[in-house]
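Please read the points below with the model open beside you, and check each one against what you can see. They are written for someone new to reading structures, and they can be taken one at a time.

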Amino acid sequence: MIEVKNFTKSFHNRLVIGDFSFFAGEGTLTALLGPSGCGKSTFFDLLMGNISRDGGQLFLAGKEVPDLKNAAAFMAQKDLLLPWLTLRENALLPVSVKKTPSASDLREADELFEILGLGGTGDLYPRHVSGGMAQRCALARTILFRTPIVLLDEPFSAVDAITRQTLRSLLLQIRSNFRKTLLMITHDVEDALLLADSIIILSSAPMTAREKLVISTPKEKRSGDPFLQAKKEKILAMLQEKAS
Amino acid sequence: MKRNVLPFVFLAGFLLSWEFFCRSSEIQPFILPAPSRILLLIAEEAPLLLMHGASTAIEIIFGTVLSVIAAVILATAMFLFPAAEKALAPILVASQAIPVFALAPLLIAWLGYGMGSKILMAAVIIFFPVTVSLLQGFKSCGTDLERLFSAMGANTWKTFRFLYWPWAMPYFFAGLRVAVSVAAIGAVIGEWVGSMRGLGFLMMQANARLRTDLVFASIAVLSALSIFLWKTVSFFEKKCVHWIDTTNSL
């Protein structure tokens with residue numbers, strides 16, 4: 001579905017991303033795991049076309065494209081809800097910036113709110129709801145981009161442990177319901193292990209793909225699973241080895 | 001004690017001290033009239049004060065509208081086109097160094113003794129703070145939100161409508177509140193230099209006849225007008241910027 005080939009990017013003669021390549025299949029969730037400041041967010045900016053890359057190619061469903069604009073939704077660690085819009089208006093923003101939302105758009109938003117446990121909150125403003133509810137609204141907005149790809153930039157780093165748990169299961173539910181291809185950048189090993197099909201371990205300065213781990217368990221993933229625990233230790237050892 | 005009562009308590013204390021000073025000293029009313037004398041005069045001369053006050057109010061309101069239109073156009077152009085900001089910013093800053101007293105006779109020479117010159121005078125004096133506040137508001141918008149709008153494929157107009165304009169509204173109103181309170185200065189200076197009506201004209205006339213009480217009465221009406229305009233802007237601010245608690249703002 002998405003193929004990145006030899007992406008490079010420098011700022012002021014300093015190589016930030018060096019010869020970075022990877023492939024993510026349709027309907028999969030790929031986690032890009034690396035230390036803070038390794039260039040993950042810059043990589044997302046390159047994918048979205050917010051900044052231009054120095055070299056490399058990007059393929060979407062086998063076809064070369066300059067960036068993923070109009071093909072990918074974006075969700076950041078902050079909810080980025082606009083305080084002057086209601087939760088429903090915020091969720092429908094990707095629609096509103098293109099056309100006036102129709103009755104079916106409004107219905108779709110309300111149905112999505114029900115799935116995400118936000119039923120009846122559509123007319124509230126962000127200041128009236130908790131951080132977890134705001135982040136769920138941001139998730140609804142991400143789905144209403146109606147794009148096949150979703151880029152998640154540390155989406156759970158600003159929420160508490162219980163909200164994180166809820167958001168994780170909602171993300172998996174959405175992934176199976178809407179068949180989205182998800183790319184998630186994170187520095188949380190547990191998020192990566194519990195959610196992703198494959199994890200790309202990144203090295204920093206410059207950011208390159210160090211190793212790709214395929215995480216497939218026959219049953220539903222659980223936090224204390226010995227298989228995942230072994231993987232977690234392996235990943236942590238790799239990250240520590242790199243840091244030292 | 002309630003917060004909104006405090007200004008009245010302070011004002012009452014100030015007026016009572018002033019009254020006491022005037023009554024206990026031998027100061028002449030044409031030097032410093034007592035507040036009771038000024039209040040009595042305001043009641044007696046209400047039609048005259050209202051007529052001149054209305055004239056000044058119209059100049060301030062039209063001046064404000066004119067400057068807001070110009071500020072919105074200019075701030076938007078300067079935000080969208082950095083070259084325009086580079087070209088215009090030094091001129092804008094330099095324009096603030098021109099004394100308004102120097103400008104008033106020129107505007108009267110160009111536009112005459114009518115309201116036009118005073119409206120423009122009020123507009124000139126408040127144009128800068130509104131433009132700068134609005135531009136600052138546009139520029140303070142977070143990069144993450146800009147990235148979000150870029151990802152949504154929003155065009156410039158939609159980004160302005162949904163993001164930049166609402167984002168800059170609190171800044172715009174902060175500038176506008178300051179602007180309306182100083183707009184009176186522009187209008188009155190214009191009236192001082194040359195006019196046939198308005199509170200500035202009335203002050204000049206009263207001053208020439210040593211009617212200090214009428215000067216103070218005109219100042220009181222002008223102050224009341226400024227407070228009314230300030231409160232009107234605050235009212236619209238509360239309606240338009242409902243997501244920010246403005247209860248504790250001035």
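1. Among the contacts in chain B between residues at least 6 apart in sequence, 77% join residues that are at least 24 apart. This is a predicted model, and that figure, like the others in this note, should be read as a computed one.

2. One helix pair of chain B can be followed in detail, namely helix 5 (residues 100–111) and helix 6 (residues 115–139), whose axes come within 9 Å and cross at roughly 145 degrees. The crossing of helix 5 of chain B and helix 6 of chain B is right-handed. Helix 5 of chain B contributes Val100(B), Leu103(B), Ala104(B), Leu107(B), Ile108(B) and Leu111(B) to the contact, while helix 6 of chain B contributes Gly116(B), Ser117(B), Leu120(B), Met121(B), Val124(B) and Ile125(B). Sorted by class, the residues of this contact between helix 5 and helix 6 of chain B are 10 nonpolar and two polar, with no charged residues.

3. How many residues does each chain give to the contact between chain A and chain B? Chain A gives 21 residues and chain B gives 13 residues. On the side of chain A that touches chain B, the elements that give two or more residues are strand 6 (72–75) and helix 3 (93–96) of chain A. The residues on that side of chain A divide into 14 nonpolar, three polar and four charged.

4. Turning to the sheets of chain A, six strands form an open sheet in the order 6-7-8-3-9-10, and the pairing in it is mixed. Strand 6 and strand 10 (208–214) of chain A stand at the edges, and because each has a single partner strand, one side of each is left without a neighbour in the sheet. Neighbouring strands of this sheet are turned against each other by 20 degrees on average, direction ignored.

5. Within this sheet, strand 8 (residues 181–186) of chain A is worth a careful look, since six of its six residues are buried. Thr181(A), Leu183(A) and Ile185(A) on one side of strand 8 are buried, and so are Leu182(A), Met184(A) and Thr186(A) on the other, which leaves both faces covered. Strand 3 (residues 29–33) of chain A runs parallel to strand 8 of chain A and is joined to it by five bridges, with Leu32(A) standing opposite Ile185(A). Strand 7 (residues 149–153) of chain A also runs parallel to strand 8 of chain A, again with five bridges, and here Ile149(A) has Thr181(A) as its bridge partner. Between strand 7 and strand 8 of chain A the chain passes through helix 6 (residues 161–178) of chain A, and this β-α-β crossover is right-handed.

6. Further along the sheet, strand 9 (residues 198–203) and strand 10 of chain A run antiparallel and are joined by six bridges, with Ser198(A) opposite Val214(A). Helix 1 (residues 40–48) of chain A lies across strand 3, strand 6, strand 7, strand 8 and strand 9 of chain A, and it runs at about 155 degrees to strand 7 of chain A.

7. Chain A also has an open sheet of four strands in the order 2-1-4-5, in which the pairing is antiparallel. Strand 2 and strand 5 (63–64) of chain A are its edge strands, each pairing on one side only. Strand 1 and strand 2 of chain A pair over seven bridges, and Phe7(A) has Phe20(A) as its bridge partner in strand 2 of chain A. Helix 1 of chain A lies across strand 1 and strand 2 of chain A, running at about 65 degrees to strand 2 of chain A.

8. Are they buried or exposed? His12(A), in the loop between strand 1 (2–11) and strand 2 (14–24) of chain A, counts as exposed because it has 5 C-beta neighbours inside 10 Å. Leu80(A), in the loop between strand 6 and helix 2 (87–91) of chain A, is buried because 21 other C-beta atoms lie within 10 Å.

Notes:
Residues numbered from 1 in each chain as written. Chains lettered and ligands numbered in written order. Predicted model: local features only at pLDDT ≥ 70, side-chain atom pairs only at ≥ 80, totals over all residues. Contact = placed C-beta atoms within 7 Å. Nonpolar A, V, L, I, M, F, W, Y, C, P; charged D, E, K, R; others polar. Axes fitted to C-alpha atoms, helices over the stretch in contact; angles between N-to-C directions. Left-handed = near helix turned anticlockwise from the far one by under 90°. Buried ≥ 20, exposed ≤ 12 C-beta atoms within 10 Å, placed from the backbone. Pairing = 2+ DSSP bridges. Right-handed = clockwise from strand over helix to strand, strands pointing away.
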